[in-house]
Amino acid sequence: MRAAWYEKNGPAADVMQVGDLPDPVPGAGEVLVRLYASAVNPSDVKARAGSRKISWDRIIPNSDGAGVIERVGAGVDAARVGQRVWTFNAQWERPGGTSAQYVALPAALAVPLPDAVSFEQGACLGIPVMTAHRCLFADGPVSGKTVLVTGGAGVVAHYAIQLAKWAGARVVTTVSSKAKADHARAAGADIVIDYRTESVVERIRKETGGVDHVVEVEFGRNLAVTAQIIRPNAVVASYASTGDPKPPFPYYDLFRLNPVIRPVLVYSMSDAAKAQAQADIARWLAQAKPVFAIAERFALDEVVRAHLAVERGEKIGHVILAIG
């Protein structure tokens, strides 16, 4: 099979290779998926750069993808052969991800993909949508609540806005440019705040009086603001804190409000949480009209350019590898 891989951590141009590797063989409980699209997520890029040290001879990166099941291993229903699927966690604690024509992975990580959803769109569903789902629904329904989604043009935020609206919430989001504001509105945000030109605290207090739930991309950097705009018994669900990974914690500012502080990592979610996310995503795909934002497409041979596009963060939306 044609694949992209690296054998040591480092810059994409220095370590990424593209060539032919043996086709993987599905083991017991696994399926073999012929991939047609693979999404390059920030976590895939960070892992290649060194956030996760290599434990195998080589790594085929990327967790998310979409394709068709061609073979099944022992214990898997043979009726799944020919099924269109989207994948998640493909490269988590395994050497083989979705930057290849084939991936073998546990059957539970290959989820049925509706015919109306393209392979490119299906590749968008893994890490971003499952993270957004967990951030929103781990602590109960959000119907009738006001939800703040920070960084509204990011890929997780893009789906958090849509899922929150689908679930009956009023959505506030923050952005840093007009283009990002337009992107957030297209996803369905009710109130869009440019944090570079206006006070997030003042605008939220004026428009809503406070928020019941936060989906947070920069926990540490935004914590001081968060403490000023959440209502009593709010939920603050965060999936990143890159700008300030070890922030001072304003305990007594938050103590009086009884909030839930929930870090979210999609890789280590419980099996029950993963199953609930898959079920709800299937209902969302069937009931709503999801907006998929694909910023750029690259051929597998252009994997270095794809990684650089994600690293630079210049585009709004997903970076997709089209697997030939």
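So, helix 5 and helix 10: residues 155–166 pack against residues 271–287 at an angle of about 80°, and the axes sit 11 Å apart. This is a predicted model, by the way. With 65 to 115 degrees counting as roughly perpendicular, helix 5 and helix 10 are therefore roughly perpendicular to each other. Who's touching whom? On the helix 5 side you've got Y159, Q162, L163 and W166, and on the helix 10 side D280, R283, W284 and Q287. Sort the residues of that contact by class and you get four nonpolar, two polar and two charged.

Okay, next pair. Helix 2 is residues 42–51, helix 11 is residues 303–312, and their axes come within 9 Å, crossing at roughly 105°. If you want to click on the contact, pick P42, D44, V45 and R48 in helix 2, then H307, V310 and E311 in helix 11.

Now helix 7 and helix 8. How are these two arranged, roughly parallel or roughly perpendicular? Well, helix 7, residues 200–207, packs on helix 8, residues 219–229, at an angle of about 20°, with 10 Å between the axes. Angles under 35 degrees count as roughly parallel, so that's what we call helix 7 and helix 8. As for handedness, helix 7 passes helix 8 in a right-handed crossing. From helix 7, the residues in the contact are V200, V201, I204 and R205, and they meet V225, Q228 and I229 of helix 8. By class, the contact of helix 7 with helix 8 has five nonpolar residues, one polar and one charged.

How much space lies in it? About 230 Å³. There are 14 residues lining this pocket, and the ones that lie nearest its centre are M1, P24, I60, P95 and G96. Go through the lining of the second largest pocket by class and you find nine nonpolar, two polar and three charged residues.

Note on methods: Residues are numbered from 1 along each chain as its sequence is written. This is a predicted model: local features need pLDDT of at least 70, side-chain atom pairs count only at pLDDT 80 or more; totals for chains, interfaces and linings use all residues. Side-chain values use heavy atoms; hydrogens and water are left out. On a 1 Å grid over the protein atoms alone, a cavity is a set of points where a 1.4 Å probe fits but cannot get out, and a pocket is an open set with protein on both sides within 12 Å along at least five of seven lines; lining residues have an atom within 4 Å of a point. Grid points are joined across faces, edges and corners, and a volume is the space filled by probe spheres set on the points. Ala, Val, Leu, Ile, Met, Phe, Trp, Tyr, Cys and Pro count as nonpolar, Asp, Glu, Lys and Arg as charged, and the others, Gly among them, as polar. Axes are lines fitted to C-alpha atoms, for helices over the stretch in contact, and angles run from 0 to 180 degrees between N-to-C directions. Helices (H or I, at least four residues) and strands (E, at least two) are DSSP runs, numbered from the N terminus. Angles under 35 degrees count as roughly parallel, over 145 as roughly antiparallel, 65 to 115 as roughly perpendicular and the rest as oblique. A crossing is left-handed if the near helix is turned anticlockwise from the far one by less than a right angle, and right-handed if clockwise. Contact means heavy atoms within 4.5 Å.
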